[in-house]
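Here is a short note to read beside the model.

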Amino acid sequence: FTACAAPAAKPMSFGAAEKHAAKQGVRADEIKIKRSTIKVEGRDDRNRKVELVLDRRTGEVLDRRFDD
């Protein structure tokens, strides 16, 4: 018996990143996809500029910055 690793999650698309950002309260203005991360620049419900960095496979928020 050999153990097999679970299949890797499919990388997040632009549309999925936009929806995920919306769940975090961010309206996406710009989305940049890199190999393992996605950077979403947008505004929150208080109209503050927000930058999210998401893990491209899990959707985990790796960083959130506000730029006033």
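1. A residue counts as buried under 20% relative accessible area, as exposed over 50%, and as partly exposed in between. Glu-30 has 35% relative accessibility, so Glu-30 counts as partly exposed. Keep in mind that this is a predicted model.

2. What is the partner of Glu-30 in a salt bridge? The partner is Lys-32, and the closest N and O atoms of the pair are 3.4 Å apart. Lys-32 also falls in the partly exposed class, because its relative accessibility is 35%.

3. For the chain as a whole, 22% of the 68 residues count as buried. Among contacts with a separation of 6 or more, 20% link residues 24 or more positions apart.

4. The protein chain contains one helix and four strands. Along the sequence they follow the pattern α-β-β-β-β. The four strands make an open sheet with antiparallel pairing, in the order E1-E2-E3-E4. Strands E1 (27-33) and E4 (61-67) stand at the edges with a single partner strand each, so one side of each has no neighbour in the sheet. From one strand to the next, the twist averages 20°.

5. Which strands does helix H1 touch? H1, residues 14-23, packs on the sheet and touches E1, E2 and E3. The direction of H1 makes about 135° with that of E1.

6. E2 (residues 37-43) and E3 (residues 49-55) run antiparallel and are joined by seven bridges. Within this pairing, Ile-38 stands opposite Leu-54, and Lys-39 has Val-53 as its bridge partner. The hairpin of E2 and E3 has five residues between the strands, and Asn-47 takes a positive phi near 65° there.

7. How many bridges join E3 to E4? There are six, and these two strands run antiparallel. Glu-51 stands opposite Arg-65 of E4. E3 and E4 also form a hairpin with five residues between them, and Gly-59 in its turn has a positive phi of about 85°.

8. The structure holds four salt bridges, including the pair of Glu-30 and Lys-32 described above. Another joins Glu-41 to Lys-39, with the closest N and O atoms 3.5 Å apart. Glu-41 counts as partly exposed because its relative accessibility is 24%. Lys-39 is at 27%, so Lys-39 counts as partly exposed too.

9. Is Arg-65 exposed or buried? Arg-65 counts as exposed because its relative accessibility is 51%, and the cut-off for that class is over 50%. Arg-65 forms a salt bridge with Asp-63, and the closest N and O atoms are 2.6 Å apart. Asp-63, at 27% relative accessibility, therefore counts as partly exposed.

10. On the aromatic side, a search of the whole structure finds zero aromatic pairs. There is a charge over a ring, however: Arg-48 lies over the face of Phe-66, at 4.1 Å from the ring centre.

How values were computed: Residues numbered from 1 in each chain as written. Predicted model: local features only at pLDDT ≥ 70, side-chain atom pairs only at ≥ 80, totals over all residues. Heavy atoms only, no water. Phe/Tyr/Trp six-rings, centres within 6.5 Å; stacked < 30°, edge-to-face > 60°. Lys NZ or Arg CZ within 6 Å of the ring centre and 35° of its normal. Pairing = 2+ DSSP bridges. Axes fitted to C-alpha atoms, helices over the stretch in contact; angles between N-to-C directions. Contact = heavy atoms within 4.5 Å. Salt bridge = Lys/Arg side-chain N within 4 Å of Asp/Glu carboxyl O. Buried < 20%, exposed > 50% of the residue type's maximum accessible area, 1.4 Å probe, protein only.
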